[in-house]
Amino acid sequence: MRDDVSALEKARLGYEPRTPDILRAPAPALRIEESDPPAVAGDADTVRRDFPRTFGQPMLAFTDGAGGRPGRPHRVGVVLSGGQAPGGHNVILGLHEGLVDAHADSRLFGFRNGPRGILKGDATELTREGLAPYRNTGGFDLIGSGRDKIESAAQIEAAAAACASLRLDGLVVIGGDDSNTNAAVLAEAFAARGLSTAVAGVPKTIDGDLKNEHVEASFGFDTATKVYAEMIGNICRDALSARKYWHFVKLMGRSASHVTLECALATRPNVALIGEEVRATGATLESVVESVADVVRRRSEAGKDFGVCLVPEGLVEFVPEMRRLIDELNGRLARSAGRLAAAGGFEAQQAIVADGLSTEGRRVFETLPAGIRNQLLLDRDSHGNVQVSKIETEKLVIEQVRARLERLAGADRYAGKFSPQGHFLGYEGRCAAPSNFDADYTYALGRTAALLVHFGRSGYLCCIRGLAGDVLGWRPTAVPIASLLHLEERKGKPTPVIAKALVDLEGAPFRTFAAARARWALEDGYRYPGAIQYFGPSDVRDRPTETLRLERGG
């Protein structure tokens, strides 16, 4: 054993992921049950046109009883795509063991550094011995990851050539909504070329926005939110101990607020902003700030100049006026790139941009703190658009709340002391050692992917049903990826992609939060989840997220 392995890592290497009863049998001992094709998320005619060979496939489930294919050796490729999420290594482990259990001569190849590894044909064989040190570990460092897209004709041809060169029976894509859209594209393209490589997807994202009626949760969400909740609980305890700081904590989730909602349910902060609610109510930035400042004021009147506020990373994109401003800025920045580059300093650049904005856009822009305006102008992606993910949302809220409290103080409506502290919890959760839930879940997803390859089913996303219940009763299924596609505007044209799942304002998790938040605002009823537990009583070590328990009745 290497001397740089911690005591916990050593212990976790010995943990055997709990496996659903149905997945303990090798693939040749199982059979597939088909059911009606699911409803299509988007426009069925468009999806049928763009994915004629993989459209309309049935739902799949796996049951006992030989009747499928006899075992034969398979050659399979696997790729980690997109941002890291706890449990990725266990997907690969489950995939390898599922393949080898079906036939000892099966071989697994990992494409290095994400989709670009496919395009370059850069693969390495993954063996039982090589995988052993990665059992139940966090990170994607086994083969690396990347965010490259596979969408152009040349890229698809390169991917097909790589799979043909390795004589792959299957390609497993472990990723989020965009990565699994890639999987759908490849499955369709391979079918059109008569390539026998079956493409399967595995749902991954700590943001929790890859879920639907078939996918109960994306892997990594459980572990990441537990990591964040531990730190938020510690911050809550510190706030209650020092009694002089307001902590504003920005959390991952540009497109959806699932992480913020889960952490709020787990820790009970005084304020948690949910982007989807902001959008649904049409709230302005000013009204959002007023709601936070009002809690600060009322707590101060009760002698509590301290508290905790959770802020989703993508809050500004949920505020309608901010979304319109960002859209305006994207156009203005593109048209004025030359003038902005030649302008001397931030103030000159600001004047150039402000002159081209609408009256409303200029009003909103000029009310923002100088640092945020600077980020909006300078932090742009390769297409010249504002990089919203780099906006320090927690600092924006802090500065706007401070300004609001100063106005209240000037009107003799606030006499407290506001001492804010900003935090961003993001990368800390992406590569954590997976919780027991994620270790078990990802291993089961890997074995499910092995089943799809064994049965030659292409264009499917692996699913496990019953996640809120006991692991032994979890049920492996698969949904055709084409049925999850809808049209979004990408690079100026409508493009089929998997829809991101937003927080359901009528769902049990949000309703539970909404019913309690008024009490949490004024009371100090913080909850302290503590560190992830890998040992001890089952209700401590195996407890799923509050979101899953409330949604699925666990």
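## Worked exercises on a predicted model

Glu-366 is part of helix H16 (residues 359-367); helices (H or I, at least four residues) and strands (E, at least two) are DSSP runs, numbered from the N terminus. The model is predicted, so local features need pLDDT of at least 70 and side-chain atom pairs count only at pLDDT 80 or more, while totals for chains, interfaces and linings use all residues. Residues are numbered from 1 along each chain as its sequence is written, and side-chain values use heavy atoms, with hydrogens and water left out.

**Exercise 1.** Work out whether Glu-366 is buried, partly exposed or exposed, and find what Glu-366 touches.

*Solution.*
- Start with the cut-offs: buried is under 20% relative accessible area, exposed is over 50%, and partly exposed is in between (1.4 Å probe, protein chains only).
- Glu-366 comes out at 42%, so call it partly exposed.
- Now for contacts (heavy atoms within 4.5 Å). Leaving aside residues up to four places away in sequence, Glu-366 touches Ala-354 and Arg-373.
- Gln-350 is 16 residues from Glu-366 in sequence, with 9.3 Å between their C-alpha atoms.

**Exercise 2.** Compare the span of helix H6 with the expected value, then say where its buried residues point.

*Solution.*
- H6 (residues 153-165) has 13 residues and runs 18 Å from first C-alpha to last, close to the 18 Å expected. That expectation is 1.5 Å times one less than the number of residues.
- Pick out the buried ones: Ile-156, Ala-159, Ala-160, Ala-162 and Cys-163.
- Look down the axis, and the buried residues of H6 fall within an arc of 160 degrees, so they line one face. The arc is taken over the directions from the helix axis to the C-beta atoms.
- What do they pack against? Helix H4 (115-120), strand S6 (170-175) and helix H7 (177-193).
- Turned away from the buried side of H6, you'll find the exposed residues Ala-153, Ala-154 and Ser-165.

**Exercise 3.** Classify the ring pairs that Tyr-441 makes with Phe-437 and Trp-474.

*Solution.*
- The rule: rings of Phe, Tyr and Trp (its six-membered ring) pair if their centres lie within 6.5 Å; planes under 30 degrees apart are stacked, over 60 edge-to-face, and the rest tilted.
- That gives 9 aromatic pairs.
- For Phe-437 and Tyr-441, the centres are 5.7 Å apart and the planes at 45 degrees, so this pair is tilted. Both residues lie in helix H19 (residues 436-454), 4 residues apart, or about one turn.
- For Tyr-441 and Trp-474, the centres are 6.2 Å apart and the planes at 85 degrees, so this one is edge-to-face. Trp-474 is in the loop between strand S12 (460-465) and strand S13 (475-480), so its pair with Tyr-441 in H19 ties together parts 33 residues apart in sequence.
- Check burial: Tyr-441 is at 1% and Trp-474 at 2%, and both are buried.

**Exercise 4.** Find the salt-bridge partners of Arg-298 and Arg-299, and place each pair in the fold.

*Solution.*
- A salt bridge needs a side-chain nitrogen of Lys or Arg within 4 Å of a carboxyl oxygen of Asp or Glu. The count is 40.
- Arg-298 pairs with Asp-294, at 3.1 Å between the closest N and O atoms. Both lie in helix H11 (residues 285-301), 4 residues apart.
- Arg-299 meets Asp-524 at 2.8 Å, N to O. Asp-524 is in the loop between helix H20 (508-522) and helix H21 (538-541), and Arg-299 is in H11, so the bridge ties together parts 225 residues apart in sequence.
- On accessibility, Arg-299 is buried at 0%, while Asp-524 is partly exposed at 24%.
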